[in-house]
Amino acid sequence: MKYAVIDIGSNSVRLMVSDGKATLYKKLSVTRLGAGRDNEGNLSLESQEKSLSAISDFVKEAQRERVDKVFAFATAAVRNAPNGREFVLKVRKACGFDVDVLSGEKEAELGILGALDGDDGGIIDVGGASTEIGVVKNGKIIYLHSLPIGAVALTEAFGQNAEEIKKYVKETVKLYGSVPKAEFYAIGGSATTVAAVDLKLKDYDPNIIDGHKLKRENLLKITELLNHKTPQERENICGVEKRRADIIHSGAIILSEIVDYLDISQITVSESDNAEGYLTYAVENL
């Protein structure tokens, strides 16, 4: 069996194609579904159209790949928006399938499933509009918590003002409360981008990124570097993609503040994330 998973996030729409045993490849289209919301928090028409176009393109690609089943899920941008349900109906009308809108806790569960693959440990998933922490011990989930902080949302709120972002995140992460000790894995675009900077990668290579041990001191140095650059200047830093240059400072701040809060010396960056986790979950529940 061949599967496609479409992840409709706050920053991007992603496609993962799998043979059911391993991920064959992933693609990403930055659509910023979580950006440009009105005063009530509704998704903008522009971001909806961009996202619908990306989803449609990925469905066509899945058809060319002759996948047997397409799964789609959405995260914080859709679940938090008053018109999120309307967007889901638009996707159904355009593409012919339902989108599973995940809760923050379910998102964390799937991140655990994808990154840990049955092992004990913890995950930190910095997204566009939310950030999840989850911990597994003795094969059981003992901690799950999602907070509404993300790279897109914070950049929307504070722009490039790193000091204000840092101040806000430092207070907000306290809401995670008492997080059990674990070996933590970081997933999501902010973590993989910081890892690419740490590795000084000119060309992004998921095989090099996956399993990279990101030391706390290096994370803090990279965060400071990003904070003191404009988005245009960040594009010249090895490892930073142009399409993420305007929000990576926010993502790096979230990650570094969580690492500080948890008082851990390093995190392992994982390419396997909630897309792999969702596929495992969906196939088991067919």
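The model is a predicted one.

**Helix H1**

Helix H1 runs over residues 45–64 and has 20 residues. From its first C-alpha to its last, H1 reaches 29 Å, close to the 28 Å expected at 1.5 Å a residue. Its buried residues are Ser-47, Gln-48, Ser-51, Leu-52, Ala-54, Ile-55, Phe-58, Val-59, Glu-61 and Ala-62. An α-helix has 3.6 residues a turn, so residues three or four places apart point the same way. After H1 comes Arg-66, with a positive phi near 55°.

**Helices H5, H6 and H11**

In helix H5 (residues 151–158), the buried residues are Ala-151, Val-152, Ala-153, Leu-154 and Thr-155. Among the elements that cover these residues are H6, helix H7 (189–198) and H11. Gly-159 follows H5 and has a positive phi, near 65°.

How do the axes of H6 and H11 cross? Two packed helices are described by the angle between their axes and the distance between the axes. For helix H6 (residues 162–172) and H11, the axes come within 10 Å and cross at roughly 35°. The crossing of H6 past H11 is right-handed. On the H6 side, the residues that meet H11 are Ala-162, Ile-165, Lys-166, Val-169 and Lys-170. Their counterparts in H11 are His-249, Ser-250, Ile-253, Ile-254 and Glu-257. The residues of this contact divide into five nonpolar, two polar and three charged.

Ala-252 lies in helix H11 (residues 248–262). Is Ala-252 buried or exposed? Ala-252 counts as buried because its relative accessibility is 0%, against a limit of under 20%. Apart from neighbours within four places in sequence, Ala-252 is in contact with Val-194, Leu-219, Thr-223 and Leu-226. Between the C-alpha atoms of Ala-252 and Ala-282, which are 30 residues apart along the chain, the separation is 31 Å.

Val-126 belongs to strand S6 (residues 121–126). With a relative accessibility of 3%, Val-126 also counts as buried. Leaving out neighbours within four places in sequence, the contacts of Val-126 are Thr-131, Ile-187, Gly-188, Ser-190, Gly-251, Ile-254 and Leu-255. The C-alpha atoms of Val-126 and Ser-146 are 10.0 Å apart, at a distance of 20 residues along the chain.

**Cysteines**

How many disulfides does the model contain? The count is zero, where a disulfide requires a pair of cysteine sulfur atoms within 2.5 Å. Cys-95 is buried, its relative accessible area being 17%. Cys-238 is partly exposed, at 34%.

Most residues other than glycine have a negative phi, and most peptide bonds are trans. Asn-138 is not a glycine, yet its phi is positive, about 55°. Lys-200, likewise not a glycine, has a positive phi of about 55°. Asn-138 is found in the loop between strand S7 (131–137) and strand S8 (140–147), whereas Lys-200 lies in the loop between H7 and helix H8 (206–209). The table gives the relative accessible area of each.

| Residue | Relative accessible area | Class |
|---|---|---|
| Asn-138 | 66% | exposed |
| Lys-200 | 63% | exposed |

Methods:
Residues are numbered from 1 along each chain as its sequence is written. This is a predicted model: local features need pLDDT of at least 70, side-chain atom pairs count only at pLDDT 80 or more; totals for chains, interfaces and linings use all residues. Side-chain values use heavy atoms; hydrogens and water are left out. Helices (H or I, at least four residues) and strands (E, at least two) are DSSP runs, numbered from the N terminus. The expected span of a helix is 1.5 Å times one less than its number of residues. Buried means under 20% relative accessible area, exposed over 50%, partly exposed in between (1.4 Å probe, protein chains only). Contact means heavy atoms within 4.5 Å. Axes are lines fitted to C-alpha atoms, for helices over the stretch in contact, and angles run from 0 to 180 degrees between N-to-C directions. A crossing is left-handed if the near helix is turned anticlockwise from the far one by less than a right angle, and right-handed if clockwise. Ala, Val, Leu, Ile, Met, Phe, Trp, Tyr, Cys and Pro count as nonpolar, Asp, Glu, Lys and Arg as charged, and the others, Gly among them, as polar.
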